[in-house]
Amino acid sequence: WNAYMTPTQRDGTWIQQWPQGLEIPTDSLGTFRIRRQGDFALLLSHGRMMPMCWKVAEAFSFITGKQVAVIDLRSLKPLALEELKPWIERTQGRLLFVNEAVAKNNWMHGLAQDILSQWGWLFETFPIVLTAKDSPVGQALLIEQTVLPQSWNVLEALCQFLTPEEVVQLGEKVGNPLTINSDRWFSAHDLRTLTEPVLEFAHKHDSVFHQAINPIKNLVRTV
């Protein structure tokens, strides 16, 4: 890490260097951005999780035909909860919240509870909150992938909004057959091995991934 530090920081201190002239756009606080339209499920995230979430949602939607809306919350407080109502209602509880904070005291659990208390009577299922594990994030990429939500975690969560038979069809379409177990579901390992074929299939056949301008041009480090 010495290569990333100035000589004055090598004594163990760390000074965040913000860009010169950085200003907070107060006129757009409390607004979100729609990164992908959809009516089957709604994926809500922010920050560096967005490229990964968009990529998995696009691949999942392309292959299954079930369109997942992706919204970049951008502003966490204030939050445009009322403006989210149309997407919340049309997805009937198929909501996936993704962020990289640890589960304890994670604000997305509070957001999910607020949504449940207001519109939960409309829901067919419960929202899913996907967070980091309760552990410090190591500097090694492998450790980071173990702690923070990854593409296979997002795909596994989206698959929970499908029936077991629909998940089997998804696996067959990408050449990765799955077997329903005695619990009428699949092992975490089986769903994880499904991720790479799903993303490869989408990259090969979905024209969105080949456009000059697309939301995942600048990918995060995670796969």
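**Close-up views of a predicted model**

**View 1. Trp-54 and Phe-209 are both buried.** Buried means under 20% relative accessible area, exposed over 50% and partly exposed in between, with a 1.4 Å probe and protein chains only. This is a predicted model: local features need pLDDT of at least 70, side-chain atom pairs count only at pLDDT 80 or more, and totals for chains, interfaces and linings use all residues. Residues are numbered from 1 along each chain as its sequence is written, and side-chain values use heavy atoms, with hydrogens and water left out.

**View 2. Aromatic pairs number 4.** Rings of Phe, Tyr and Trp (its six-membered ring) pair if their centres lie within 6.5 Å; planes under 30 degrees apart are stacked, over 60 edge-to-face, the rest tilted. Trp-54 and Phe-209 make an edge-to-face pair, 5.7 Å centre to centre with 65° between the planes. Trp-54 lies in helix α1 (residues 50-64) and Phe-209 in the segment after α7 (188-205), 155 residues apart. Helices (H or I, at least four residues) and strands (E, at least two) are DSSP runs, numbered from the N terminus.

**View 3. Phe-62 and Phe-201 form a tilted pair.** Their ring centres are 6.5 Å apart and their planes stand at 45°, so the pair counts as tilted. This pair also links distant parts of the chain: Phe-62 is in helix α1, Phe-201 in helix α7, 139 residues apart. Phe-62 has 33% relative accessibility, so Phe-62 is partly exposed.

**View 4. Arginine charges sit over tryptophan rings.** The criterion is NZ of Lys or CZ of Arg within 6 Å of the ring centre and within 35 degrees of the ring normal. The charged end of Arg-90 is 5.3 Å from the ring centre of Trp-87. Arg-192 lies over the face of Trp-152, 3.9 Å from the ring centre.

**View 5. The largest nonpolar core has 39 residues.** Such a core is a set of buried Ala, Val, Leu, Ile, Met, Phe, Trp, Tyr and Cys residues joined through side-chain atoms within 4.5 Å. Leu-43, Leu-96, Val-98, Val-154, Leu-158, Leu-194 and Val-198 touch the most other members. Elements that each supply at least two residues of this core include β2 (41-45), β3 (68-72), β4 (95-102) and α6 (164-173). Helix α1 provides the largest share of this core, 9 residues.
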